[in-house]
Amino acid sequence: MKKNELHILHLYPRDMNIYGDNGNVLAIEHRARKHGLQPIVRKYNQGDRFPRQVDIVIGGGGQDSGQLKVLDDLHRIASKLHKLADSGTPILFVCGLYQLAGHEFVTQGQKNMKGIDLLDIKTKAGDQRLTGNVVATSREFGQLVGYENHSGQTTLGDYAAPLATVIKGVGNNIHDKHEGARQQNIIGTYLHGSFLPKNPKVTDWLIATAIQRKNPDFKLAAIDDALVEQARLITMKRPR
Amino acid sequence: MIKLTPLIGKTIRVLSRIHGGGSALPGLVVEKIDPNFVAHCLNQLPYGVVVISGTNGKTTTTKIVVELLTSQGLKVFTNKSGSNFIRGVASSLIADIDLQGKLDADIAILELDEAHAVHFVKLLSPKYCLLLNVMRDQLDRFGEIDTTADMLSEIAKATTNGIVINREDPRLLKIGDAQAQKGKSIQYFGIEGSLRKYFVSDDDIHEKINKINTGSDRPEALALLSSISKSRVDFMINKKHFSTDLQISGIHNIYNATAALALAKIIMPEAKTSNLINQLAKSRPAFGRGEMFKIGDSSLELVLVKNPAGFRLALESYAGNKKQVLVAINDSYADGRDMSWLWDVDFLALQNSAVSVTGSRAYDMAIRLEHDSIEVQNIEIHIPKALKSLISSTSSTQKQIYCTYTAMLEIRRLLQKYTSVERVL
């Protein structure tokens, strides 16, 4: 186990890749290199062998049909994901996999989807699609920016804390102004955009949390984020 | 009231053109005062109505089909302004009808946005339809790709005489199979297995290229694109081989031409294929779709990019060494507000070009390029300034602009200062 290797597990890139969530993997790779690390990405699709070395887990959004395609396999690897989460591995779930990481996704008409209980959240299909730019404030990460596009409405249970409070946009549901969820070292969010390239504090947290488990002395390098700052400011000013 | 509709529409059209208003305004007004106006005008046509829809290539394909049929003596009505909503059709109708509301045409070839096509086919049934592809696009409007496929299925259901389908698109193949079982006539256009690698579907973008099916398990194509070399393009039409030079550039546009040939053969089976091919050789790119401008000693190519698949194909077709490139990304409603799509495009093809970025989301684009280690020379949100420095730059005589829809419209307007630009909107 090399100290500067960062093993990134990308869950279901084949069926859960909609809305540019691949950008999250690119952002971790890009930033890990700037921090002097060597990122190694493992793509995992249904039926693949689950890798032994995993430092970060990334899962993206998908269509309803994509969620159905991965659901069985997700339950097959659920115990492995629980083990990773319990040992403190940082995990990012966006949109579709955020929903399935919870207890259940109650859909309209179709069969309900049982989640893998990693996050204490429940999702219910709503009758409107929630789309548009989002700005949300997080105590851990400051202002988060992104774009939401979902019809499922998610509510948090007692063990999950909101990732952020929405200033612009909707977030988890139309009632409580919460966006995303935090539990253990898991982050769940509805934000695309892609999410990580424009929210480098979250990227750095995922990287630092992952690598400090192997190397407690690891320090993040200083990175010039002028371009990202500009992109964030513009995103915040754009119409919904 | 209905008798007055043509007059009212025409008056608004004149007024709005004087004020430089949008092309759809007269259509919008007419739609409000007389919802049956479009159906009423188009139902009179002897060859009926043809709908062309799909995510990418509607404008280019429609332009070519119109040119092919016109060359065979048909009088064709079309919504050629690229205004592909129903009110855009209404606006085009207002321009072309006489004051009695009569349209002097044999056939209507209409380019329709997927969502509007669904409404349109409720107003009147098309005789033929051509379904090009279903790609990830405007998900902020449509939500999911599968939703878009359902919309195209509605068009196919409403079509009475013949459906033309891209056999390389799995979602469309399904639609074709379902309609064939109901006894509808389906024809296909396609591409030779070895060229399929350029048309990676959104389902395959994260797969390795060698996994993509090059086999011959697909239905026989009425029109097949069999090979492309620098100077020549080969087609198989009705199992006969045809070879020609084209002015249209870009693999995706040439594939659109293949679709156009298939549709023209179905509408006019009596037309000689060699005559259609001769006409195709004369067709020029549609506005902003690989459109070429001459400015001084330089050439400037304008390439519309709207979604990941389109952007990938555009880079595949047009990117080259030592070119001066401007990428113009806006996020107005017509462009799509979500920037996620930029992250599903691989920009390595630009690594030997000098690249600058502009548009309301110039900084998003700059970050995206940074992640592919493409150096960005200049970031300028203001499009007129960025265009000016591209044109005045002397570092390369080959210039290219990849632009989203509203950026393309603005750039074409600005280009009038530098060169002659055909007015289309």
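**Helix 1 against helix 5, chain A**

I started with the residues where helix 1 of chain A meets helix 5 of chain A: A:Ala27, A:Ile28, A:Arg31 and A:Ala32 come from helix 1, and A:Pro200, A:Thr203, A:Asp204, A:Leu206 and A:Ile207 come from helix 5. This is a predicted model, so I keep that in mind throughout. By class I get six nonpolar residues, one polar and two charged in this contact.

Helix 1 (residues 22–34) and helix 5 (residues 200–212) of chain A come within 10 Å and cross at roughly 70 degrees. Helix 1 and helix 5 of chain A are therefore roughly perpendicular to each other.

**Chain A overall**

I count six helices and eleven strands in chain A. I checked the radius of gyration too: chain A has 17 Å, close to the 18 Å that the globule rule gives for 240 residues, so chain A is as compact as a globular protein of that length. The C-alpha trace of chain A spans about 50 × 45 × 30 Å along its principal axes.

**The sheet in chain B**

Over to chain B, where I found an open sheet of nine strands with mixed pairing, in the order 2-3-1-4-5-6-7-8-9. Which strands stand at the edges? Strand 2 (76–78) and strand 9 (240–244) of chain B do, each with a single partner strand, so one side of each has no neighbour in the sheet. The twist from one strand to the next averages 15 degrees.

I zoomed in on one pair. Strand 4 (residues 128–131) and strand 5 (residues 162–166) of chain B run parallel, joined by four bridges. B:Leu131 stands opposite B:Ile165 of strand 5 there.

Then I looked at what lies on the sheet. Helix 4 of chain B lies across strand 1 (49–53), strand 2, strand 3 (107–111) and strand 4 of chain B, and runs at about 165 degrees to strand 3. Helix 8 of chain B also packs on the sheet, touching strand 1, strand 4 and strand 5 of chain B, with its direction at about 155 degrees to that of strand 4.

**Domains of chain B**

I took the domain assignment next: domain 1 of chain B is 47–84 + 109–282, and domain 2 is 289–415. Their centres, over C-alpha atoms, are 27 Å apart. On contacts, 19 residues of domain 1 of chain B touch 17 residues of domain 2 of chain B.

Which elements give two or more residues to the domain 1 side? I find helix 4 (58–71), helix 7 (139–142) and helix 10 (251–267) of chain B. Helix 10 of chain B has the largest share, three residues. That side of domain 1 of chain B has six nonpolar, nine polar and four charged residues.

**Chain B against chain A**

Last stop was the contact between the chains, with 24 residues from chain B and 30 residues from chain A. On the chain B side, helix 7, helix 8 (145–158) and helix 13 (362–371) of chain B give two or more residues. Helix 13 of chain B gives the most, six residues. What is the class make-up of this side of chain B? I get nine nonpolar, four polar and eleven charged residues.

One cross-reference for my own use: helix 7 of chain B turns up on the domain 1 side that touches domain 2 of chain B, and helix 7 of chain B is also listed on the side that touches chain A.

Conventions:
Residues are numbered from 1 along each chain as its sequence is written. Chains are lettered from A and ligands numbered from 1 in the order in which they are written. This is a predicted model: local features need pLDDT of at least 70, side-chain atom pairs count only at pLDDT 80 or more; totals for chains, interfaces and linings use all residues. Domain bounds come from an automatic or database domain assignment. Two residues are in contact if their C-beta atoms, placed from the backbone, lie within 7 Å. Ala, Val, Leu, Ile, Met, Phe, Trp, Tyr, Cys and Pro count as nonpolar, Asp, Glu, Lys and Arg as charged, and the others, Gly among them, as polar. Axes are lines fitted to C-alpha atoms, for helices over the stretch in contact, and angles run from 0 to 180 degrees between N-to-C directions. Angles under 35 degrees count as roughly parallel, over 145 as roughly antiparallel, 65 to 115 as roughly perpendicular and the rest as oblique. Two strands pair if DSSP finds at least two bridges between them. The radius of gyration is taken over C-alpha atoms; the globule rule is 2.2 Å times the number of residues to the power 0.38.
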